[in-house]
Amino acid sequence: MTAALTLDESVILTTDLPGSSWWAQGGISIKSAFTDGAKQDRWSDLTDPAAVERIAGDGPEAVDWLRTEAESLVTDNGEQTVLGEEGIEGLDRAIETGNDATGAEVMRVLNSSLASRDSVKRLLGRAIDLITDGERVVGVVAVDSRARQRIVMAPAVVIATGGLGRLYQRTTNPRGSDGSGLAMAIRAGARVADLEFVQFHPTAMTVAKDPLPMVSERVRRRGAILVDAHGRRFMAGIHSDAELAPPGLLARAIWRQSVRGAGAYLDARHVHELADHHPTLLAHAMSVGIDPRTDLVPVGAAAHYQIGGVATDLEGRTSLPGLWAVGEAASTGLHGSTRLLSNALLEGIVFGRRVARSVAAEAETPGDVAYCPVDSRDLPVTPGPAFEELRKLMWEHVGLERDGDGLWRAHNELTALVPVLRRTLAGRDAATVAIQVVAAALRRTESRGSHYRIDHQATDPSQAARVVVEPGPVEVERLV
Ligand SMILES: Cc1cc2nc3c(=O)[nH]c(=O)nc-3n(C[C@H](O)[C@H](O)[C@H](O)COP(=O)(O)OP(=O)(O)OC[C@H]3O[C@@H](n4cnc5c(N)ncnc54)[C@H](O)[C@@H]3O)c2cc1C
């Protein structure tokens, strides 16, 4: 949306499924996080310093731009929309719009801006494959809600389809985050990077919902603690920062609690003004009969953020001419092996603007179509039961703790499922992406950031590099 608003003319092709941006709770990072030398250790390893520099350089301008877009809007009750700032202890970089619904407010601003611009057309549909003229990407094949096919030709195509959390049985991600843009790029031969790094949120509410509602770290920062089924606080004995331990370590500790059957609950009963500061949490919990002001909230880890993605340079260019990628679908190198809080929205806004400038300078009138995939045109979109089997396999064998045996098992079972998965568009995309995630996880024989191998628990300095690959057809044997 940011890229579309920055371009002179654009078409947004989107499904009607919500993306993660609507659900972001914590906020948006601001400049101080990047320029204060004392905070440099906030960046995880494998982070590309050039990407951090771009974010630090462009971040303030991008946030000012967002604020200006917001100020030009007037809310239904006649008030001006203001994107505020809030300093949370230990998180003094968050920009917030009040309470825990920053993403929704930002999306409301962007949507209203888009609605007021004639330069942006919107098409409802699911992009299913890229079209090329032999050298450049020149468009996409899409299907609309009535399964009618559309061909959209374009001087430049930007993939902004979000993450892949839906490929896991337990996830905080909405239904739109099924890795379909990444799948399209893989099928067209674009380079991908760092797919083994999938971040798991430590505290999703383990209730009968899919996706699982996320309980933001901010609740822990405001004093909520983690206890086991007997009410005993367990993190204090595991890490000196207890509930504020690094998210990866916390997620694995909570995961082990559940594997051992010891239980994990968030105790937020004593958190001051919970309803005022965390209305989203309260609403989710109350909808399943839990009142966090008086009850313990059952929590567990869940797939949350795709760190890797379509490999891009710092202008969002992919390895395929005519194709750009931005947001969670892209891998700029910013997040290293563990994304740090509140950087995803900022990345989308900063790189959305950078992509738009690069597209404006380099877009070309599409040539004749040389390759337009047709094999998938009649498939139904909605995933079938095989998709749920894939999600289970990914959760059990490609989740928080991995090992070679489990990864190979996932690979073999996924491969066996492929013919069934290919009967739906969502299943076909899931198969494409899941097997590449498994391949990447097999390839990295060490533990680092969000990738934890039980059979290779140490970090191996010789593997301290991002891995960018040209996936092509799935040949896991060749990759490991
Ligand atoms: C619960 C939750 C809380 C979070 N909190 C924060 C936070 O506080 N701060 C922060 O910085 N980040 C946060 N994140 C992460 C952040 O929200 C996301 O990484 C970011 O918003 C992704 O933005 P995006 O534009 O790349 O994708 P999305 O916002 O997911 O948008 C992708 C869009 O593409 C559409 N789409 C997908 N596939 C196709 C297709 N094939 N054809 C057409 N359209 C398609 C989807 O329907 C969707 O509309 C959170 C994530 C979650 C899930």
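What percentage of the 480 residues in the protein chain is buried? Buried residues account for 52% of the chain.

## Overall picture

This is a predicted model. The protein chain holds 14 helices and 17 strands. Take the contacts between residues at least 6 apart in sequence: 73% of them join residues at least 24 apart.

## Confidence

Mean pLDDT for the protein chain is 87. Of its residues, 88% reach 70 or more. Over residues 32–41, pLDDT stays under 50, and the model has 10 contacts beyond four places in sequence for them. Over residues 86–94, pLDDT also stays under 50; here the model has 20 contacts beyond four places in sequence.

## The ligand shell

How many residues surround the ligand? There are 36, and the closest are G19, G26, G162, G176 and G327. By class, the shell divides into 22 polar, 12 nonpolar and 2 charged residues.

Several elements contribute. β1 (10–14), α4 (102–115), β5 (126–132), α5 and α10 (343–362) each supply at least two residues of the shell. The largest share comes from α10, with 4 residues.

Helix α5 spans residues 180–188 and includes G181. G181 counts as buried because it has 27 C-beta neighbours inside 10 Å. Leaving out residues up to four places away in sequence, G181 touches I159, T161 and A329.

Is I186 buried or exposed? I186 has 24 C-beta neighbours inside 10 Å, so I186 counts as buried. Beyond four places in sequence, I186 touches V192, T432, V433, Q436 and P471. I186 and D429 are 243 residues apart in sequence, yet their C-alpha atoms are 9.6 Å apart.

## The α11–α12 pair

Two packed helices are described by the angle between their axes and the distance between the axes. Here the pair is α11 (residues 385–397) and α12 (residues 404–421). Their axes come within 10 Å and cross at roughly 170°. An angle over 145 degrees counts as roughly antiparallel, so α11 and α12 are roughly antiparallel to each other.

Which residues meet across this pair? From α11 come A386, F387, E389, L390, L393, M394 and H397. From α12 come G406, L407, R409, A410, E413, L414, L417, V420 and L421. By class, this contact has 11 nonpolar, 2 polar and 3 charged residues.

## A buried arginine in a loop

R136 lies in the loop between β5 and β6 (137–143). R136 has 20 C-beta neighbours inside 10 Å and therefore counts as buried. The cut-off for buried is 20 or more.

Setting aside residues up to four places away in sequence, R136 touches P321, G322 and E364. R136 and V369 are 233 residues apart in sequence; their C-alpha atoms are 9.7 Å apart.

## Backbone exceptions

Most residues other than glycine have a negative phi, and most peptide bonds are trans. Some sites in this chain depart from that pattern.

Which peptide bond is cis, with omega near 5°? The bond from D210 to P211 is. P211 sits in the loop between β10 (198–205) and α6 (217–221).

A242 is not a glycine, yet its phi is positive, near 45°. A242 belongs to the loop between β11 (225–227) and α7 (247–259). A242 has 16 other C-beta atoms within 10 Å, so A242 is partly exposed.

E273, likewise not a glycine, has a positive phi of about 50°. E273 is found in the loop between β12 (265–267) and α8 (274–277). E273 counts as exposed because it has 8 C-beta neighbours inside 10 Å.

Definitions and conventions:
Residues numbered from 1 in each chain as written. Predicted model: local features only at pLDDT ≥ 70, side-chain atom pairs only at ≥ 80, totals over all residues. Buried ≥ 20, exposed ≤ 12 C-beta atoms within 10 Å, placed from the backbone. Contact = placed C-beta atoms within 7 Å. Axes fitted to C-alpha atoms, helices over the stretch in contact; angles between N-to-C directions. Parallel < 35°, antiparallel > 145°, perpendicular 65-115°, else oblique. Nonpolar A, V, L, I, M, F, W, Y, C, P; charged D, E, K, R; others polar. Near = placed C-beta within 6 Å. pLDDT = per-residue confidence, 0-100.
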